[in-house]
Amino acid sequence: MDLTDEQRAFRDDLREYLDETIDPIVDEADRNGPMDREELLGYVSDLNDLGVGFDPETAPNFFGDVWNFTIAAEEISYTWPSLLVGVMMSFPALFVQFAAEQTRQAMLPKLEDGDCLAALAVTEPEGGSDTARPNTVARKDGDEFVLNGEKTWVGNAHYADCVLVVAHDDSTGASDMFMVDRANNSFETREIDKMGWKGVSNARISFDDVRVPEGNRLSNMFSNAIMAGNEMNDIVPFPESVTQLFFDQKPLNATFSFMRTGMSFMSVGIMQAAFDAALDRATDRETFGKPIAEHQLVTEKLYDMKAGLETSRQLSRRAAELLEDGSEDARLMSSLAKGYTSETCKDVTDDAIQVFGGEGLKTENRLERYYRDARVMTIPDGTTEVQKLIVGKELTDASAYS
């Protein structure tokens, strides 16, 4: 893939920042557990200056260029996947601009200052990957909705200013999404301790009779914004071809097509870091009087890792091309890419540890972190099994999961 001069400059500036600012502190920062709000906001500010972000000024150029989005996903994940998750999960803050008056008054100043952190609440404790039938219910009461239910594995939930919640709309009998802002509502969160992505907060949220204005229902936000004269890509700052997917598919499916493409590039970034480390080890480390790269079974590991890395990168790029085109196959290919690359990432980091031998098992070695982060990749935004079911549905038009 040939990058434009602007995309290449974007990548190089981002890479320089990651090498100089994040790489020296990443090991200790990850060991210390989730970033707190101020730490994350500091990184958000730095990345905004580089063109990565979700504030109204930065988002159109960042999300509006699919390749900038994927470049950032791969480059940041090469150094620290947790940082990418913390930044990217705040994208629902974009919708604050089109929410009800009380939410706009509370959140817009923070959004414009780059201080509005957000979260997307999809997964439920009992439902897992079943996003089509949420147990969280939004009941219409006058000009408000009353939310009750629980969500889990919500990135940024602990310190998010606003949360976009997937819930069953009792008034329509269908699923929708509802913006809950913390200035006007209260909800409880409980931090989750996990094996990977340890630098970013994930939490469980409880909604107990949380009242939100009807203008905070996502379908209302979209329709009201369009009636006010906004184009679709003013609301969702993707290229026009991508925003068309929000008309052709359910909004959550279109969102996942974008997110899963990003997840695929995340896996590529982790794989590249693990491969680079293993290649250095294979050429530097000596056993039996010669570099271990001269032992045939080590060379076989390098072959397998390189093959997995490059096929994953090309599949990810194909998913991005279809997403950029607004293709009807974007959902299929993003799920295929996410499922394949996350499983391959797990295999590649495992092989990298094997190349390191006993040294790869030490917690002071980055391979241990790469492996934990890689293991997480097969589950969020739909498990590998769910991706296979989606691909099957897209190929055959026959559902195996309804």
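A disulfide here is a pair of cysteine sulfur atoms within 2.5 Å. I kept that rule in mind while looking through this predicted model, where local features need pLDDT of at least 70, side-chain atom pairs count only at pLDDT 80 or more, and totals for chains, interfaces and linings use all residues. Residues are numbered from 1 along each chain as its sequence is written, and side-chain values use heavy atoms, leaving out hydrogens and water.

**Cysteines**

I looked up the disulfides and got a count of 0. For Cys162, the closest cysteine sulfur sits in Cys116, 4.0 Å away, so that is too far for a bond. Cys162 is also buried, at 0% relative accessibility (buried means under 20% relative accessible area, with a 1.4 Å probe and protein chains only). I checked Cys345 too, and it is buried with a relative accessible area of 0%.

**H14 and H15**

Helices are DSSP runs of H or I, at least four residues, numbered from the N terminus. The axes (lines fitted to C-alpha atoms over the stretch in contact, with angles from 0 to 180 degrees between N-to-C directions) of H14, residues 330–356, and H15, residues 366–376, come within 8 Å and cross at roughly 160°. That makes H14 and H15 roughly antiparallel (over 145 degrees). In contact (heavy atoms within 4.5 Å) I found, among others, Cys345 and Phe356 of H14 and Tyr370 and Arg375 of H15.

**H3 and H6**

Last, I took H3 (residues 37–49) and H6 (residues 81–88), whose axes come within 10 Å and cross at roughly 85°. So H3 and H6 are roughly perpendicular (65 to 115 degrees). Their contact includes Tyr43 of H3 and Gly86 of H6.

Note on methods. Helices (H or I, at least four residues) and strands (E, at least two) are DSSP runs, numbered from the N terminus. Angles under 35 degrees count as roughly parallel, over 145 as roughly antiparallel, 65 to 115 as roughly perpendicular and the rest as oblique. Buried means under 20% relative accessible area, exposed over 50%, partly exposed in between (1.4 Å probe, protein chains only).
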